[in-house]
Amino acid sequence: MLMSENVDSPVESDDVVARVLAHAGAPAAGHTVFGSSAQALQSSSHYEESRDGDQFDREDRQALRRVAGLSTELDDVTEVEYRQLRIERVVLIGIYTQGNTVDAENSMRELYALAETAGAVVLDGLLQRRANPDPSTYFGKGKAEELRGIVAASGADTVIADTELAPSQRRALEDIVKVKVIDRTAVILDIFSQHAKSREGKAQVELAQLEYMLPRLRGWGEALSRQGGGAGGSGDGMGSRGPGETKIELDRRRIHTRMSRLRKQIKGFAPAREAKRANRNRFEVPSVAIVGYTNAGKSSLLNHITNAGVLVENALFATLDATVRKSVTADGRPYTLTDTVGFVRNLPHQLVEAFRSTLEEVGDSDVIVHVVDASHPDPASQLATVREVIAEVEAREIPEIVVFNKVDLLQDDDQRLLLRALEPAAIFVSARTGEGVAELQARIAELVPSPDVQVELLVPYDRGDVVAGLHDRGRILSTEYVEGGTRVSAMVNGMDEAALKEFSVVSA
């Protein structure tokens, strides 16, 4: 999915249910168009410059738009590789088992939001009730033929499956529907490639894309074979021609080479990141990591607390690069707040591995603020999805504060009661109105490590740096100016106590 100039889309970007196209005849048996009970994004987005910063990235992000094209029905699937640049018009497909229709619709609605975020226009969505996907064509050969008719009638040029397709399934389905077929993983990787800004973020995304692409390389017949080897090309006679290296083998080798370079490059970013972390550890500044489902409002919450200016947008994976900002507790203790990449159900394993270096910030934090979208139809699945990733980075033992954000969107108190039953100790917050933010900051202040050693110091007047350090890293209990210097009573940590020993005095 490529970006281009700003041209109005021929299809309205209202709610997907209102834009589902009616196709000829009744829906096929075993199929259902996903309904209006599911939800993916809020109907509108909102930000305030006074709280969210200048939001310079919004202008750059909104300057990129798609170009609409003409009819995209393909006579030959090989033409997929040579399409002109245009907006992609997609049909979503999914499979569900008996009894989990609501989960399937929520997942499909989320896939719709992913496709819209990537820049496509969703034309239709189909769900089939089936115990297991067909091992050859995912939908079953008969239903795949019906899907081909729907694609042709709607003018779609892409089919997106709400799962990760095997390479053979994708190829077989492409051969039937005659348009490009991709899966949820490909859409997520496309969004990441669009939104990554830092060098490390771009390298991580490219590595994940190559890992995904490697088993899915597809040759287009004999045209991609290469004859070489021996001296056959020089006319040295029979028996001297070797088979040579095919184009697909050459591509695989190049991908492996590029992946090796990217891994070294990502590893090279580690010293700078570790130096920053070591500097914070040296001064024993506590770290608080903000984690959560994508579009749960992590960046909005960070902006509300620190006025960080991180991009705020009503879209999935709007921000990818970790952002660290400083904040202080009510009693003056400093700590850092780190905004991390959002998660989503069925998050591609390649991304978890590629972003593991970024997720180290979560594993090394002192407190985790777990943000959940209170207005989401299935907050329990958000909690479970994020905690799975937290477990993968071995951070389950770190104190966790569950925050239900966007409570201003709740319809009644009954929804709050249901959320309270889900997480009794959770804090209800609205990053938009400010509700609950003070309570959250107070809870953070309770959990971040606090200086626990009391010292009595007499600091000469020419050592003002020592007093300043006490204000930065400790907690001042009392200050008195005497003839010999500044008499200070303070709470410090063990490391600072040893460094301050020369100024220590016996308490009267």
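Here is a friendly set of questions and answers about this predicted model.

Me: What should I know about the model before we start, including how residues are numbered?
Reply: This is a predicted model, in which local features need pLDDT of at least 70, side-chain atom pairs count only at pLDDT 80 or more, and totals for chains, interfaces and linings use all residues. Side-chain values use heavy atoms, with hydrogens and water left out, and residues are numbered along each chain, as its sequence is written, from 1.

Me: How many helices and strands does the protein chain have?
Reply: Helices (H or I, at least four residues) and strands (E, at least two) are DSSP runs, numbered from the N terminus. By that count, the secondary structure of the protein chain comes to 17 helices and 16 strands.

Me: What percentage of the protein chain's residues count as buried?
Reply: Buried means under 20% relative accessible area, exposed over 50%, and partly exposed in between, with a 1.4 Å probe and protein chains only. Of the 508 residues of the protein chain, the buried share is 48%.

Me: Is serine 299 buried or exposed?
Reply: Serine 299 sits in helix α10, residues 298-306. Leaving out residues up to four places away in sequence, serine 299 touches Val310, Leu311, Val312, Thr319 and Asp339, where contact means heavy atoms within 4.5 Å. Its relative accessibility is 9%, so serine 299 counts as buried.

Me: Which strands pair with β11?
Reply: Two strands pair if DSSP finds at least two bridges between them. Strand β8 (residues 287-292) runs parallel to β11 and is joined to it by five bridges, with valine 291 opposite histidine 370 in β11. Six bridges join β11 to strand β12 (residues 400-405), also in parallel, and valine 372 stands opposite phenylalanine 404 in β12.

Me: How many residues of strand β11 are buried?
Reply: In a regular strand the side chains alternate between the two faces of the sheet. In β11, Val367, Val369, Val371 and Asp373 point one way, while Ile368, His370 and Val372 point the other way, and all are buried. For strand β11 (residues 367-373), the buried count is seven of seven.

Me: What is the bridge partner of valine 482?
Reply: Strand β15 pairs with strand β16 (residues 485-492) over seven bridges in the antiparallel sense. In β16, the partner of valine 482 is glycine 485.

Me: Is α7 roughly parallel or roughly antiparallel to α8?
Reply: Helix α7 (residues 184-195) and helix α8 (residues 199-213) pack with their axes 9 Å apart, at an angle of about 155 degrees; axes are lines fitted to C-alpha atoms, for helices over the stretch in contact, and angles run from 0 to 180 degrees between N-to-C directions. Angles under 35 degrees count as roughly parallel, over 145 as roughly antiparallel, 65 to 115 as roughly perpendicular and the rest as oblique. So α7 and α8 are roughly antiparallel.

Me: How far apart are the end C-alpha atoms of helix α13?
Reply: The expected span of a helix is 1.5 Å times one less than its number of residues. For the 14 residues of α13 (residues 379-392) that should give 20 Å, and the model agrees: the end C-alpha atoms are apart by 20 Å.
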